[in-house]
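Me: I would like to learn how to read a helix and a ligand site in a model such as this one. Could you take me through them step by step?

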Amino acid sequence: MKATCKAHLFVLILITSFRAEAIAPEAVFGESGMVATRSALASQVGADILAKGGNAIDAAVATGFALAVTYPSAGNLAGGGFMVIRLADGTIIANDHRERAPLAATRNMYLDKDGNVVPELSTHSHLAVGVPGTVDGLLDVLEKYGTMSRREVLAPATLLARRGFPIDLDMARDLEAQLPRMSKYPASMAIFSHDGKPWKRGDVLRQKDLAATLERIRAKGRDGFYKGQTAELLVAEMQAGGGLIAQQDLDEYQSVWREPVTGTYRDHQIISMPPPSSGGVLLIQLLNMLEPYDLKAMGFGSADAVHHMVEAERRAYADRAEHLGDPDFFPVPITKLIDKNYALARFADFAPDKSSRSTDIRPGSFPAESPDTTHASFIDKAGNAVAYTTTLNLSYGSKIVASGTGMLLNNEMDDFSAKPDTPNAYGLLGREANAIQPRKRMLSSMTPTIVAKDGKVVLVTGSPGGSTIITTTLQVIVNVIDHGMDLSAAVASPRFHHQWQPDAIIFEKNGLSPDTVKVLNQRGHQGLTPWAYGRGIGDANSVMVLPEGFAGMADPRNPGAALAP
Ligand code: DON
């Protein structure tokens, strides 16, 4: 079992991290706001909106739509995401536009007659697609907190889709790697290949069907996606390919406004995404477990600091498997999990000089309570801040374009637990809390987060990377608060990750010194594995508030840009 979990995690590493060479890290400074995303073109859209007088919410929505065009491996119309917002007056809100299971979904839909998980059914088939939430969510956010019209914020994305943009080396390589999987879907090949051959760097990618879909959304709002031509094409694609999404699913879909999950860490306020993401809860739980310890004195990258963080991660991810799921369907004990006393009790068996075994770590137990992947960061001159993480799940989602729409469909259904204690693509385990049910949202790890201090925003951050999202976000925050790093160093510094099962620490190449690895091994840590593939763990495009203005940092592991208006 352990070997299988590990295999899954490392397959994922291969899928998501085959990228071009790194560029020297450097934060960008601006006086009137900041946008940091994985796509320079999308960052430009956001910065232009700020320059025109839009607020951070206008910029986030315009950029969200632009990412669907310029970064199609994760940006999307037919996927889902989470947006955490802190308005300049201190109001905090979160928009959950996570996908839901279709009405026709069933608990055992990915199992064969012997009860085994059928490989790839939940990742690479029409059955992998959850009911998309992005369009409803982004439009809802714009309507409630934006200042610009739908037509204005959708204009840049529509133009980019219609006129096209030159494919860079990173995208050319990425698309070439996808072709074997896409080749059975003619509508996908028609866009993401050049007559069946890989696109080359410098070729112009024009997406006219996607432009028409965006135009329908511009003209009709939500109905331009969930009704009429777009909806009909999406449902026809499902019917032709054996998927489950029907018109009723689209009619019923609604994004949900949720109260962000909050905690404190060394006088800072942490504001993050509540369930159906596990991200915010785990982040706060991890910070609570670490707060009593002096990570600064231990030093960045020291065996001591890594040991403390890994032991906290082991315990928090065990809780995730048992207790986290869609709170509208399962009583997630949120308040208990983020309680500082719970963290103290959970960490009581921690030994400073000895690793625990994941097989000995059981999820914490307490009475149930009553029912309760690209990241972009934004801030405007007034101090409105937005942390936005959006995804199709795996790179390019299911790889299926709904014929005639230009939209890649997500494969988010794999984030459900298809079978108890059986790993998904990220090696994550789940049980009843995250079992499949019609209308239920699948558990996520996305952790869009805002850190504030003394009533003012300090940092906006988050990351893609499946299970590693939470630990990446944790490390950026610890780097800033404990290790006193500036934004460049906090984002660029090497990362490591542990997720309870498999019982292994993965770390970026050259991220842990040989002495550190030696000490960790002596303490009993297992499976220390350098991350030898591509560009590393996570992609934490972040912004930070400085006394003089704003710093922005696109994670140097991947292309992208931080841009000021
Ligand atoms: O929601 C989640 O946790 C995953 N579907 C996120 C996927 C992801 O981060 C892919 N990026 N590498």
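Reply: What covers the buried residues of α2 includes β2 (33–37), α3 (56–70), α5 (150–163), β10 (374–380) and β21 (561–563), where contact means heavy atoms within 4.5 Å and buried means under 20% relative accessible area with a 1.4 Å probe, protein chains only. This is a predicted model, in which local features need pLDDT of at least 70 and side-chain atom pairs count only at pLDDT 80 or more, while totals for chains, interfaces and linings use all residues. Residues are numbered from 1 along each chain as its sequence is written, and side-chain values use heavy atoms, with hydrogens and water left out.

Me: Which residues of α2 are buried?

Reply: An α-helix has 3.6 residues a turn, so residues three or four places apart point the same way. In α2, the buried residues are Ala42, Ser43, Val45, Gly46, Ala47, Ile49 and Leu50.

Me: What span should the 12 residues of helix α2 have?

Reply: The expected span is 1.5 Å times one less than the number of residues, and for α2 (residues 40–51) this gives 16 Å, in agreement with end C-alpha atoms that are 16 Å apart. Just after α2, Gly53 has a positive phi of about 100°.

Me: Which residues come nearest to the ligand?

Reply: A residue is near if one of its heavy atoms lies within 4 Å; of the 15 residues around the ligand, the nearest are Thr373, Glu412, Asp415, Ser444 and Ser445.

Key:
Helices (H or I, at least four residues) and strands (E, at least two) are DSSP runs, numbered from the N terminus. Buried means under 20% relative accessible area, exposed over 50%, partly exposed in between (1.4 Å probe, protein chains only).
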